[in-house]
Amino acid sequence: MRFIALGGFTVRPDRYRAFQEWVVANQARLAQTYPEGTSLLGFFGAVYTSEKQAGETFMLEQLDSYGAQDRLAAIGKDPGSEHARLTQELLEFLDPDPKAWGSSILLKDIVDATVFDMPST
């Protein structure tokens, strides 16, 4: 199976350049901390979107199963892990305003999805 997890967020307006510099300096290191069956695909900025509150920046991760979410959560809870340290650094760039945009989406490869035809009326 293959899943893509999208995390949308809003970067603090006065920290976007610093955020971009952080990504350039740390994206590869963060990617190396991902457990087996998971990977960081990268950070992406929305060029355009019809979604009003999804965020303007997205972090994409690839997962091989639903259980991969548990593996990511486990390394995130380990305060001594490089993954947890880098994630904490990343979070410092997010806008703390509760009205700031954000979203979470889990996409499943359509090849593996259970699908049904809707009955005609």
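Helices (H or I, at least four residues) and strands (E, at least two) are taken as DSSP runs, numbered from the N terminus. The structure is a predicted model, in which local features need pLDDT of at least 70, side-chain atom pairs count only at pLDDT 80 or more, and totals for chains, interfaces and linings use all residues. Residues are numbered from 1 along each chain as its sequence is written, and side-chain values use heavy atoms, with hydrogens and water left out.

The protein contains 3 helices and 4 strands. Along the sequence they follow the pattern β-α-β-β-α-α-β. The C-alpha atoms fill a box of roughly 55 × 35 × 25 Å, taken along the principal axes. Of the 121 residues, 31% are buried. Buried denotes under 20% relative accessible area, exposed over 50%, and partly exposed in between (1.4 Å probe, protein chains only).

Helix H1 (residues 16-32) packs with helix H3 (residues 82-91) at an angle of about 165°. Their axes lie 11 Å apart. H1 is therefore roughly antiparallel to H3. Axes here are lines fitted to C-alpha atoms, for helices over the stretch in contact, and angles run from 0 to 180 degrees between N-to-C directions. Angles under 35 degrees count as roughly parallel, over 145 as roughly antiparallel, 65 to 115 as roughly perpendicular and the rest as oblique. H1 passes H3 in a left-handed crossing. A crossing is left-handed if the near helix is turned anticlockwise from the far one by less than a right angle, and right-handed if clockwise.

Side chains of opposite charge can pair when their charged atoms come close. The structure holds 5 salt bridges, each defined as a side-chain nitrogen of Lys or Arg within 4 Å of a carboxyl oxygen of Asp or Glu. Helix H3 carries both Arg-85 and Glu-82, 3 residues apart, about one turn of the helix. These two residues form a salt bridge, with the closest N and O atoms 2.9 Å apart. Arg-85 is partly exposed at 33% relative accessibility. Glu-82 is likewise partly exposed, at 34%. Arg-85 also meets Glu-89 in a salt bridge (2.4 Å, N to O). Glu-89 and Arg-85 are 4 residues apart in helix H3, so about one helical turn separates them. Glu-89 has a relative accessible area of 28% and is partly exposed. Salt bridges that share partners join Arg-29, Glu-82, Arg-85 and Glu-89 into one network.

Another salt bridge links the side chains of Arg-71 and Asp-64 (2.8 Å, N to O). Arg-71 is partly exposed at 31% relative accessibility. Asp-64 is partly exposed at 36%.

Leu-72 lies in helix H2 (residues 68-77). Its relative accessible area is 13%, so Leu-72 is buried. The C-alpha atoms of Leu-72 and Pro-35 are separated by 6.8 Å, although the residues are 37 apart along the chain. Thr-38 lies in strand E2 (residues 38-45). Thr-38 is buried, at 10% relative accessibility. Thr-38 and Phe-3 are 35 residues apart in sequence and 9.4 Å apart in space, C-alpha to C-alpha.

On the surface, Ile-110, Val-111 and Val-115 form a nonpolar patch with about 340 Å² of accessible area together. Patches are made of residues with over 30% relative accessible area and no salt bridge; like charges are joined within 9 Å, nonpolar side chains (Val, Leu, Ile, Met, Phe, Trp, Tyr) within 5 Å. Val-115 lies in the segment after strand E4 (102-108). Val-115 is exposed, with a relative accessible area of 57%.

How values were computed. Areas by Shrake-Rupley, 256 points an atom, 1.4 Å probe, with all protein chains shown as cover.
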